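Have the model open as you read along.

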Amino acid sequence: AGAVRAPLGGSAEPLARCVCFGLGRFSGSPAARHQLAFLLLLLEELGVPPGRCSLFDPAFSAQETAALGQLGLRLLPDNEEGKHDIEGSATLFYMVHCGKALYNNLLWRNWSAGALSKMVIIGNSFKGIEERLLSRILERDYSYIAKVLKGMEEVALPAHPRYLDTFNDTSVHWFPVQKLKELSPEVWDFAEEPTYQDCDNLEIIRKEDRADRQSPDRSLQ
């Protein structure tokens, strides 16, 4: 929790809610169960009530949905493909091992200095994404990740030998308003919705896909 609380110091607004995407089938996956347990501990440490935390994964079974409800968590009704508007509320996004398009879509939906500065994202390292992808692919397919790199701070989640596979390549990202304001005005001018027409491996389940389609292998991301 300390790694997440750090960017909230000073004049930063305390987190009001949490959104979790891509948790996976925790009934059959030990890694997903560990991620869920960490999420619950994180909510407690940050003082965010379970009822202020919403989750979505198209892979959830009816039993998993019911279990999350019993824990006091909320389920988002629709597949937003990561395009979740914070609507002015300081929000933690818990997105461990999600597809790159989910992060890119989330940034697009909140593409302003005012909104981004109220967000914290726990997920795959954006710097790692930059290192692994050719720059032309990053800028073509995931342009919002590419554009925000110079306007963010990133700290790797502390490693634990027991949970290396559960939280590998996971970082805490936040977006200081001063760094965002230093980006060139052109960065904010182009704000078209991503389409991924030329993307070969999208890594997410889209709204038009069947709800019972098998969840993609997140270890490839």
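## A buried tyrosine pair

Both tyrosine 142 and tyrosine 196 are buried, where buried means under 20% relative accessible area, exposed over 50% and partly exposed in between (1.4 Å probe, protein chains only). This is a predicted model, in which local features need pLDDT of at least 70 and side-chain atom pairs count only at pLDDT 80 or more, while totals for chains, interfaces and linings use all residues. Residues are numbered from 1 along each chain as its sequence is written, and side-chain values use heavy atoms, with hydrogens and water left out.

## Aromatic pairs

In total, the structure holds 7 aromatic pairs. Rings of Phe, Tyr and Trp (its six-membered ring) pair if their centres lie within 6.5 Å; planes under 30 degrees apart count as stacked, over 60 as edge-to-face and the rest as tilted.

With ring centres 5.3 Å apart and planes at 65 degrees, phenylalanine 38 and phenylalanine 167 form an edge-to-face pair. Phenylalanine 38 sits in helix H2 (residues 30-46) and phenylalanine 167 in helix H9 (residues 164-167), 129 residues apart; helices are DSSP runs (H or I, at least four residues) and strands likewise (E, at least two), numbered from the N terminus. Phenylalanine 38 is partly exposed at 22% relative accessibility, whereas phenylalanine 167 is buried at 15%. Ring pairs also join Phe38, Tyr94 and Phe167 into a cluster.

## Lysine 83

Lysine 83 lies in the loop between strand S3 (74-75) and strand S4 (91-95). Its relative accessibility is 13%, so lysine 83 counts as buried.
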